Amino acid sequence: MNAEKAASKKKRKRREKEKERKAKKRKLAETMEPIEPPSVAAQPPTLLADYMSSMQAKTFSKMSGIELTDIQIPESSILDTTMWTGSRNLDQLVDFITKVLPTLRIRLSQRPKSNGSPTLIFVAAAALRVVDVIRVLKDNRLRGEKGGEIAKLFGKHFKVEEHAAYLRRTKVAAAVGTPGRLGKLLTDTDALSASALTHIILDLSYHDAKKRSVLDIPETRDEVFKTVLCAPKILNGLKQGKIQLVLL
């Protein structure tokens, strides 16, 4: 009996120690701040140009090097955002635009002169992300009292023709959308103009359930390059220095 009691006591002590060890581990996990991995977008323009070229080559895999050079996003058009050391998530987007893109902030607060001619195109990977971005861009610190509308452009529930009609009758300061819908409006209609466009923000800060950004997902990557950045009026604007590309 004594041997059984001793064995039982040992088991109990082992269980208690195991509980203590797990509790300590849990407490340590709760106190440790999650470390955010460095963003690709935080690199200087030279490295970002290489990154964009490598992504573009995946989309146009059958093109030769010379052909790719013709449609390459020029390094000079990629804005240097290395001064920004904070998070690149939406909770700091207003501050990011205010500090890193002061010209854009001023233009967002001004009344657009023409319909369907935004100063900003914001490319987001998914419809829900578009909705979240619009909520931020409607902040009075950016739009003020006179700023134009923020266009919501994604395929769910709306046809291309409906979006085209909306843009033709509306003064928009920013067009926020998925690459598929933005691309169709840029290439298949004349409703989304680049005449007042100064900035394109490519949202690399959003990741799907598989931790993929808009350029990691083959479908959205192809849409970004084939129909948005390589749309003639956009690519020409980037090459001529009229449009700046911002990686968020």
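What follows is a short exchange about salt bridges and the exposure of their residues.

Biologist: How many salt bridges does the structure hold?
Modeller: This is a predicted model, and the structure holds five salt bridges.

Biologist: What does Arg135 meet in a salt bridge?
Modeller: The side chain of Arg135 meets that of Asp132, with an N to O distance of 3.0 Å; both residues belong to helix 6, which covers residues 127-137, and they sit three residues apart, about one turn of the helix.

Biologist: And is Arg135 buried or exposed?
Modeller: Arg135 counts as exposed because its relative accessibility is 55%, and the cut-off for exposed is over 50%, whereas Asp132, at 31%, counts as partly exposed.

Biologist: Switching to Arg168, which residue is in a salt bridge with Arg168?
Modeller: That is Asp190, and the two side chains meet at 2.8 Å, N to O. Arg168 lies in helix 8 (residues 160-169) while Asp190 is in the loop between helix 9 (179-187) and strand 4 (199-202), so this pair ties together parts that are 22 residues apart in sequence.

Biologist: Last one: what does Arg212 form a salt bridge with?
Modeller: Arg212 forms one with Asp208, where the closest N and O atoms are 2.9 Å apart. Asp208 counts as buried because its relative accessibility is 17%, and buried means under 20%, while Arg212, at 27%, counts as partly exposed.

Methods:
Residues are numbered from 1 along each chain as its sequence is written. This is a predicted model: local features need pLDDT of at least 70, side-chain atom pairs count only at pLDDT 80 or more; totals for chains, interfaces and linings use all residues. Side-chain values use heavy atoms; hydrogens and water are left out. A salt bridge is a side-chain nitrogen of Lys or Arg within 4 Å of a carboxyl oxygen of Asp or Glu. Helices (H or I, at least four residues) and strands (E, at least two) are DSSP runs, numbered from the N terminus. Buried means under 20% relative accessible area, exposed over 50%, partly exposed in between (1.4 Å probe, protein chains only).
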